[in-house]
Amino acid sequence: MKMTHLFEDFFHSEKAAGLVLMACTVISLVLANSGASDSYLHFWHLEFSGHSLSHWINDGLMAIFFLLVGLELEREVYIGELSSLKNALLPVVAALGGMLVPAGLHFLFNRGTETQAGAGIPMATDIAFALAVLSLLGKRVPNSLKIFLTALAVIDDLGAILIIAVFYTGSVVWVNLMAAISVFGVLLVMNRLKVRNLIPYLLGGVAMWYFMLHSGIHATIAGVLTAFAIPFGNGDQKSTSFILQRFLHRPVAFGILPLFALANTAVALPADWVHSLVEANSLGIFAGLFLGKPLGILTFSFCSSLIGIAKLPSDLKWTHILGTGFLGGIGFTMSIFITLLAFNRDAAIDQSKIVILISSVLAGIVGFGLLNMFLKSENEISLK
(Lines give C-alpha, C1' and ligand atoms only; values in the text may rest on other atoms or scores of the structure.)
Protein backbone atom coordinates (compact mmCIF):
# COMPACT_ATOMS: atom_id res chain seq x y z
CA MET A 1 0.00 0.00 0.00
CA LYS A 2 1.41 3.36 -1.03
CA MET A 3 1.68 6.13 1.54
CA THR A 4 1.08 9.81 0.82
CA HIS A 5 3.80 12.37 1.58
CA LEU A 6 1.55 13.88 4.26
CA PHE A 7 1.18 10.51 6.00
CA GLU A 8 4.94 9.88 5.82
CA ASP A 9 5.62 13.30 7.41
CA PHE A 10 3.04 12.53 10.11
CA PHE A 11 4.52 9.09 10.82
CA HIS A 12 8.10 10.37 11.11
CA SER A 13 7.17 13.37 13.28
CA GLU A 14 5.10 11.17 15.62
CA LYS A 15 7.87 8.62 16.06
CA ALA A 16 10.36 11.39 16.92
CA ALA A 17 7.86 12.85 19.39
CA GLY A 18 7.47 9.42 20.97
CA LEU A 19 11.20 9.15 21.57
CA VAL A 20 11.19 12.61 23.19
CA LEU A 21 8.27 11.56 25.40
CA MET A 22 10.18 8.46 26.50
CA ALA A 23 13.17 10.60 27.49
CA CYS A 24 10.99 13.11 29.38
CA THR A 25 9.23 10.32 31.27
CA VAL A 26 12.51 8.79 32.42
CA ILE A 27 13.93 12.18 33.42
CA SER A 28 10.79 13.13 35.36
CA LEU A 29 10.63 9.83 37.26
CA VAL A 30 14.33 10.03 38.15
CA LEU A 31 14.03 13.62 39.41
CA ALA A 32 10.83 12.85 41.36
CA ASN A 33 12.65 10.06 43.22
CA SER A 34 16.02 11.73 43.70
CA GLY A 35 17.45 14.13 46.27
CA ALA A 36 15.84 16.98 44.32
CA SER A 37 12.38 15.41 44.71
CA ASP A 38 10.82 18.07 46.98
CA SER A 39 11.92 20.98 44.81
CA TYR A 40 10.93 19.22 41.60
CA LEU A 41 7.45 18.25 42.81
CA HIS A 42 6.91 21.72 44.30
CA PHE A 43 7.76 23.33 40.96
CA TRP A 44 4.76 21.76 39.23
CA HIS A 45 2.48 23.02 42.02
CA LEU A 46 3.55 26.66 41.74
CA GLU A 47 0.44 28.80 41.35
CA PHE A 48 -0.28 31.34 38.62
CA SER A 49 -3.58 33.23 38.64
CA GLY A 50 -5.07 30.80 41.14
CA HIS A 51 -4.08 27.59 39.36
CA SER A 52 -1.01 25.37 39.57
CA LEU A 53 1.46 25.08 36.71
CA SER A 54 0.38 21.46 36.08
CA HIS A 55 -3.26 22.59 35.97
CA TRP A 56 -2.49 25.20 33.29
CA ILE A 57 -0.72 22.50 31.27
CA ASN A 58 -3.53 19.96 31.63
CA ASP A 59 -6.47 22.32 31.10
CA GLY A 60 -4.82 25.01 28.98
CA LEU A 61 -1.98 23.77 26.80
CA MET A 62 -3.63 20.39 26.30
CA ALA A 63 -6.54 22.18 24.61
CA ILE A 64 -4.04 23.02 21.85
CA PHE A 65 -3.10 19.33 21.69
CA PHE A 66 -6.77 18.46 21.25
CA LEU A 67 -7.05 21.16 18.58
CA LEU A 68 -4.31 19.35 16.65
CA VAL A 69 -6.01 15.99 17.26
CA GLY A 70 -9.22 17.47 15.87
CA LEU A 71 -7.43 18.77 12.77
CA GLU A 72 -5.87 15.34 12.19
CA LEU A 73 -9.23 13.63 12.65
CA GLU A 74 -10.82 16.06 10.20
CA ARG A 75 -8.14 15.33 7.59
CA GLU A 76 -8.43 11.56 8.04
CA VAL A 77 -12.21 11.71 7.65
CA TYR A 78 -12.21 13.95 4.56
CA ILE A 79 -9.23 12.74 2.51
CA GLY A 80 -7.20 10.36 4.68
CA GLU A 81 -7.33 6.72 5.68
CA LEU A 82 -10.84 7.06 7.13
CA SER A 83 -12.34 8.70 4.03
CA SER A 84 -12.93 5.32 2.39
CA LEU A 85 -15.39 3.00 4.10
CA LYS A 86 -13.43 0.01 2.83
CA ASN A 87 -10.16 1.23 4.34
CA ALA A 88 -11.73 2.53 7.53
CA LEU A 89 -13.76 -0.50 8.62
CA LEU A 90 -10.90 -2.69 9.87
CA PRO A 91 -9.23 -0.04 12.11
CA VAL A 92 -12.65 1.25 13.23
CA VAL A 93 -13.78 -2.22 14.35
CA ALA A 94 -10.34 -2.92 15.86
CA ALA A 95 -10.43 0.36 17.79
CA LEU A 96 -13.92 -0.45 19.06
CA GLY A 97 -12.69 -3.79 20.41
CA GLY A 98 -9.62 -2.07 21.81
CA MET A 99 -11.85 0.25 23.83
CA LEU A 100 -14.70 -2.01 24.94
CA VAL A 101 -12.69 -5.03 26.13
CA PRO A 102 -10.20 -3.03 28.29
CA ALA A 103 -13.03 -1.00 29.83
CA GLY A 104 -14.92 -4.21 30.52
CA LEU A 105 -11.93 -5.82 32.23
CA HIS A 106 -11.38 -2.78 34.46
CA PHE A 107 -15.09 -2.73 35.31
CA LEU A 108 -14.96 -6.43 36.30
CA PHE A 109 -12.22 -5.70 38.84
CA ASN A 110 -13.71 -2.45 40.16
CA ARG A 111 -17.47 -2.79 39.90
CA GLY A 112 -19.21 -1.08 42.82
CA THR A 113 -15.98 0.43 44.22
CA GLU A 114 -14.79 4.04 44.34
CA THR A 115 -12.33 3.28 41.52
CA GLN A 116 -15.04 2.15 39.12
CA ALA A 117 -14.76 5.54 37.40
CA GLY A 118 -11.34 4.50 36.10
CA ALA A 119 -12.86 2.19 33.45
CA GLY A 120 -11.96 4.73 30.76
CA ILE A 121 -8.24 4.72 31.66
CA PRO A 122 -7.15 1.59 29.70
CA MET A 123 -9.26 2.47 26.64
CA ALA A 124 -6.77 4.88 25.06
CA THR A 125 -3.73 4.41 22.81
CA ASP A 126 -0.82 6.87 22.78
CA ILE A 127 -0.17 7.43 19.09
CA ALA A 128 3.27 9.01 19.53
CA PHE A 129 4.62 6.22 21.74
CA ALA A 130 3.07 3.45 19.63
CA LEU A 131 4.50 4.79 16.37
CA ALA A 132 7.88 5.36 18.02
CA VAL A 133 8.07 1.69 18.98
CA LEU A 134 6.90 0.59 15.53
CA SER A 135 9.55 2.79 13.90
CA LEU A 136 12.30 0.86 15.73
CA LEU A 137 11.53 -2.10 13.45
CA GLY A 138 12.73 -0.11 10.43
CA LYS A 139 11.85 -0.78 6.80
CA ARG A 140 10.59 -4.30 7.50
CA VAL A 141 7.25 -2.86 8.63
CA PRO A 142 4.64 -3.00 5.82
CA ASN A 143 3.07 0.35 4.96
CA SER A 144 -0.35 -1.17 5.59
CA LEU A 145 0.64 -1.89 9.19
CA LYS A 146 1.80 1.71 9.75
CA ILE A 147 -1.49 2.98 8.33
CA PHE A 148 -3.53 0.47 10.37
CA LEU A 149 -1.87 1.47 13.66
CA THR A 150 -2.14 5.19 12.90
CA ALA A 151 -5.82 4.95 11.96
CA LEU A 152 -6.48 2.78 15.03
CA ALA A 153 -4.82 5.34 17.34
CA VAL A 154 -6.64 8.27 15.69
CA ILE A 155 -10.00 6.54 16.17
CA ASP A 156 -8.96 5.78 19.76
CA ASP A 157 -8.36 9.49 20.29
CA LEU A 158 -11.85 10.24 19.01
CA GLY A 159 -13.24 7.62 21.37
CA ALA A 160 -11.33 9.13 24.29
CA ILE A 161 -12.69 12.59 23.45
CA LEU A 162 -16.26 11.27 23.44
CA ILE A 163 -15.66 9.41 26.71
CA ILE A 164 -14.34 12.58 28.36
CA ALA A 165 -17.33 14.59 27.13
CA VAL A 166 -19.96 12.03 28.16
CA PHE A 167 -18.63 10.25 31.26
CA TYR A 168 -16.17 12.66 32.86
CA THR A 169 -18.32 15.75 33.04
CA GLY A 170 -19.45 16.95 36.46
CA SER A 171 -22.29 19.33 37.21
CA VAL A 172 -22.99 21.50 34.16
CA VAL A 173 -23.27 25.30 34.32
CA TRP A 174 -25.75 25.68 31.50
CA VAL A 175 -25.25 29.42 30.94
CA ASN A 176 -21.56 28.92 30.20
CA LEU A 177 -22.20 25.79 28.15
CA MET A 178 -24.75 27.59 25.99
CA ALA A 179 -22.30 30.47 25.56
CA ALA A 180 -19.64 28.01 24.37
CA ILE A 181 -22.11 26.37 21.97
CA SER A 182 -23.11 29.81 20.67
CA VAL A 183 -19.48 30.66 19.92
CA PHE A 184 -19.15 27.32 18.12
CA GLY A 185 -22.25 28.17 16.10
CA VAL A 186 -20.75 31.52 15.07
CA LEU A 187 -17.57 29.74 13.94
CA LEU A 188 -19.62 27.30 11.86
CA VAL A 189 -21.46 30.22 10.22
CA MET A 190 -18.08 31.81 9.42
CA ASN A 191 -17.06 28.53 7.82
CA ARG A 192 -20.19 28.47 5.67
CA LEU A 193 -19.53 32.09 4.64
CA LYS A 194 -16.08 30.93 3.49
CA VAL A 195 -14.12 33.09 5.93
CA ARG A 196 -10.56 31.82 5.52
CA ASN A 197 -8.68 34.09 7.93
CA LEU A 198 -7.43 32.03 10.91
CA ILE A 199 -7.49 34.83 13.49
CA PRO A 200 -11.31 34.97 14.04
CA TYR A 201 -11.38 31.17 14.47
CA LEU A 202 -8.53 31.19 16.98
CA LEU A 203 -10.09 34.07 18.96
CA GLY A 204 -13.41 32.22 18.91
CA GLY A 205 -11.61 29.07 20.06
CA VAL A 206 -10.12 30.90 23.04
CA ALA A 207 -13.57 32.28 23.97
CA MET A 208 -15.10 28.81 23.63
CA TRP A 209 -12.30 27.36 25.81
CA TYR A 210 -13.02 29.98 28.51
CA PHE A 211 -16.74 29.21 28.62
CA MET A 212 -16.11 25.46 28.52
CA LEU A 213 -13.63 25.82 31.40
CA HIS A 214 -16.40 27.33 33.53
CA SER A 215 -19.20 25.08 32.28
CA GLY A 216 -18.29 21.80 33.99
CA ILE A 217 -17.38 20.13 30.67
CA HIS A 218 -13.66 19.68 30.25
CA ALA A 219 -12.17 22.69 28.50
CA THR A 220 -10.04 20.64 26.11
CA ILE A 221 -13.22 19.67 24.20
CA ALA A 222 -13.17 23.26 22.89
CA GLY A 223 -10.00 22.42 21.00
CA VAL A 224 -11.69 19.62 19.05
CA LEU A 225 -14.78 21.73 18.27
CA THR A 226 -12.60 24.59 17.05
CA ALA A 227 -10.76 22.19 14.74
CA PHE A 228 -13.96 21.05 13.05
CA ALA A 229 -15.12 24.65 12.61
CA ILE A 230 -11.93 25.68 10.78
CA PRO A 231 -12.35 25.53 6.97
CA PHE A 232 -10.86 22.40 5.42
CA GLY A 233 -11.51 23.22 1.77
CA ASN A 234 -9.87 20.65 -0.49
CA GLY A 235 -7.19 19.94 2.13
CA ASP A 236 -4.28 21.19 0.02
CA GLN A 237 -1.29 23.12 1.37
CA LYS A 238 -3.12 26.43 0.98
CA SER A 239 -6.16 25.38 3.01
CA THR A 240 -6.71 27.03 6.40
CA SER A 241 -6.82 23.67 8.18
CA PHE A 242 -3.56 22.44 6.63
CA ILE A 243 -1.71 25.68 7.45
CA LEU A 244 -2.72 25.51 11.13
CA GLN A 245 -2.04 21.77 11.40
CA ARG A 246 1.43 22.15 9.94
CA PHE A 247 2.16 25.11 12.24
CA LEU A 248 1.00 23.30 15.40
CA HIS A 249 2.60 19.90 14.84
CA ARG A 250 6.12 20.59 16.08
CA PRO A 251 5.18 22.88 19.02
CA VAL A 252 2.70 20.26 20.24
CA ALA A 253 4.94 17.23 19.62
CA PHE A 254 8.12 18.74 21.01
CA GLY A 255 6.75 21.30 23.46
CA ILE A 256 3.30 20.68 24.88
CA LEU A 257 3.39 16.86 25.08
CA PRO A 258 6.88 16.76 26.67
CA LEU A 259 5.67 19.32 29.24
CA PHE A 260 2.61 17.15 29.89
CA ALA A 261 4.86 14.11 30.32
CA LEU A 262 7.21 15.92 32.71
CA ALA A 263 4.38 17.35 34.82
CA ASN A 264 2.31 14.18 35.00
CA THR A 265 5.02 11.60 35.56
CA ALA A 266 6.49 13.56 38.46
CA VAL A 267 5.48 10.76 40.82
CA ALA A 268 7.41 10.06 44.00
CA LEU A 269 7.13 6.32 44.51
CA PRO A 270 5.84 5.54 48.03
CA ALA A 271 7.57 2.85 50.07
CA ASP A 272 4.66 0.43 49.59
CA TRP A 273 4.05 1.14 45.88
CA VAL A 274 4.67 -2.50 44.97
CA HIS A 275 1.81 -3.62 47.23
CA SER A 276 -0.57 -1.20 45.48
CA LEU A 277 -0.05 -3.12 42.23
CA VAL A 278 -2.41 -5.86 43.42
CA GLU A 279 -5.27 -3.50 44.29
CA ALA A 280 -8.41 -3.64 42.15
CA ASN A 281 -7.74 -0.41 40.25
CA SER A 282 -4.17 -1.43 39.42
CA LEU A 283 -5.24 -4.89 38.28
CA GLY A 284 -8.01 -3.36 36.16
CA ILE A 285 -5.66 -0.92 34.42
CA PHE A 286 -3.00 -3.58 33.83
CA ALA A 287 -5.50 -6.16 32.59
CA GLY A 288 -7.09 -3.56 30.33
CA LEU A 289 -3.92 -2.23 28.72
CA PHE A 290 -1.74 -5.33 28.61
CA LEU A 291 -4.40 -8.00 27.96
CA GLY A 292 -7.60 -6.24 26.95
CA LYS A 293 -6.08 -4.13 24.19
CA PRO A 294 -4.51 -6.93 22.13
CA LEU A 295 -7.43 -9.26 22.87
CA GLY A 296 -10.05 -6.70 21.84
CA ILE A 297 -8.17 -5.51 18.75
CA LEU A 298 -7.39 -9.00 17.45
CA THR A 299 -10.77 -10.58 18.28
CA PHE A 300 -12.90 -7.78 16.84
CA SER A 301 -10.70 -7.55 13.72
CA PHE A 302 -10.78 -11.30 13.12
CA CYS A 303 -14.54 -11.59 13.67
CA SER A 304 -15.27 -8.64 11.36
CA SER A 305 -13.14 -10.29 8.67
CA LEU A 306 -14.79 -13.67 9.25
CA ILE A 307 -18.30 -12.30 8.68
CA GLY A 308 -17.20 -10.11 5.77
CA ILE A 309 -17.56 -6.65 7.34
CA ALA A 310 -13.87 -5.81 6.94
CA LYS A 311 -10.90 -7.23 5.07
CA LEU A 312 -7.30 -7.75 6.15
CA PRO A 313 -4.86 -6.06 3.70
CA SER A 314 -3.07 -8.59 1.49
CA ASP A 315 0.39 -7.77 2.88
CA LEU A 316 -0.67 -8.27 6.52
CA LYS A 317 -1.18 -11.37 8.65
CA TRP A 318 -3.12 -11.91 11.86
CA THR A 319 0.19 -12.21 13.73
CA HIS A 320 0.86 -8.59 12.69
CA ILE A 321 -2.48 -7.53 14.15
CA LEU A 322 -1.64 -9.35 17.40
CA GLY A 323 1.69 -7.53 17.74
CA THR A 324 0.05 -4.23 16.86
CA GLY A 325 -2.64 -4.94 19.45
CA PHE A 326 0.03 -4.94 22.14
CA LEU A 327 1.34 -1.61 20.84
CA GLY A 328 -2.22 -0.37 21.26
CA GLY A 329 -1.76 -1.13 24.96
CA ILE A 330 0.65 1.80 25.24
CA GLY A 331 -1.79 4.19 26.91
CA PHE A 332 0.34 6.92 28.47
CA THR A 333 -0.83 10.44 27.44
CA MET A 334 -4.57 9.84 27.09
CA SER A 335 -4.67 7.24 29.89
CA ILE A 336 -2.99 9.67 32.29
CA PHE A 337 -5.27 12.46 31.11
CA ILE A 338 -8.39 10.39 31.83
CA THR A 339 -6.91 9.40 35.21
CA LEU A 340 -6.80 13.09 36.19
CA LEU A 341 -10.51 13.35 35.38
CA ALA A 342 -11.56 10.03 36.92
CA PHE A 343 -10.07 10.52 40.40
CA ASN A 344 -9.65 13.40 42.83
CA ARG A 345 -7.45 11.62 45.35
CA ASP A 346 -3.69 12.06 44.86
CA ALA A 347 -3.02 8.50 46.04
CA ALA A 348 -5.38 7.00 43.43
CA ILE A 349 -3.97 9.26 40.70
CA ASP A 350 -0.34 8.40 41.49
CA GLN A 351 -1.15 4.69 41.79
CA SER A 352 -2.86 4.78 38.38
CA LYS A 353 0.05 6.62 36.77
CA ILE A 354 2.51 4.01 38.03
CA VAL A 355 0.44 1.14 36.64
CA ILE A 356 -0.12 2.97 33.33
CA LEU A 357 3.65 3.38 32.94
CA ILE A 358 4.39 -0.26 33.84
CA SER A 359 1.61 -1.61 31.61
CA SER A 360 2.59 0.64 28.69
CA VAL A 361 6.26 -0.35 28.92
CA LEU A 362 5.45 -4.07 29.08
CA ALA A 363 2.92 -3.80 26.23
CA GLY A 364 5.47 -1.93 24.12
CA ILE A 365 8.19 -4.50 24.79
CA VAL A 366 5.94 -7.47 24.00
CA GLY A 367 4.50 -5.76 20.91
CA PHE A 368 7.99 -4.94 19.63
CA GLY A 369 9.23 -8.46 20.40
CA LEU A 370 6.36 -10.17 18.61
CA LEU A 371 6.51 -7.96 15.53
CA ASN A 372 10.30 -8.24 15.40
CA MET A 373 10.02 -12.04 15.52
CA PHE A 374 7.22 -12.27 12.93
CA LEU A 375 8.73 -9.75 10.51
CA LYS A 376 12.21 -11.26 10.85
CA SER A 377 11.01 -14.77 10.09
CA GLU A 378 9.01 -13.55 7.10
CA ASN A 379 12.02 -11.63 5.79
CA GLU A 380 14.20 -14.74 6.09
CA ILE A 381 11.63 -16.83 4.23
CA SER A 382 11.43 -14.27 1.40
CA LEU A 383 15.22 -14.32 1.03
CA LYS A 384 15.34 -18.10 0.58
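A residue is called buried when its relative accessible area is under 20%, exposed when that value is over 50%, and partly exposed in between. Keep in mind throughout that this is a predicted model.

Begin by selecting L46, which sits in the loop between helix 2 (37-43) and strand 1 (47-48). Its relative accessibility is 31%, so L46 counts as partly exposed.

If you set aside the neighbours within four places in sequence, the residues in contact with S241 are L71, E74, I230, P231 and F232.

Select R345 and E114, whose side chains meet in a salt bridge with an N to O distance of 3.1 Å. R345 belongs to the loop between helix 13 (332-342) and helix 14 (346-383), while E114 belongs to the loop between helix 4 (85-110) and helix 5 (127-135), and the two are 231 residues apart. R345 is partly exposed at 36% relative accessibility, whereas E114, at 61%, is exposed.

Finally, select K293 and D156, which form a salt bridge whose closest N and O atoms are 2.8 Å apart. Because K293 lies in helix 11 (residues 280-306) and D156 in helix 6 (residues 143-167), this pair ties together parts that are 137 residues apart in sequence. Both K293 and D156 are buried.

Methods:
Residues are numbered from 1 along each chain as its sequence is written. This is a predicted model: local features need pLDDT of at least 70, side-chain atom pairs count only at pLDDT 80 or more; totals for chains, interfaces and linings use all residues. Side-chain values use heavy atoms; hydrogens and water are left out. Helices (H or I, at least four residues) and strands (E, at least two) are DSSP runs, numbered from the N terminus. Buried means under 20% relative accessible area, exposed over 50%, partly exposed in between (1.4 Å probe, protein chains only). Contact means heavy atoms within 4.5 Å. A salt bridge is a side-chain nitrogen of Lys or Arg within 4 Å of a carboxyl oxygen of Asp or Glu.
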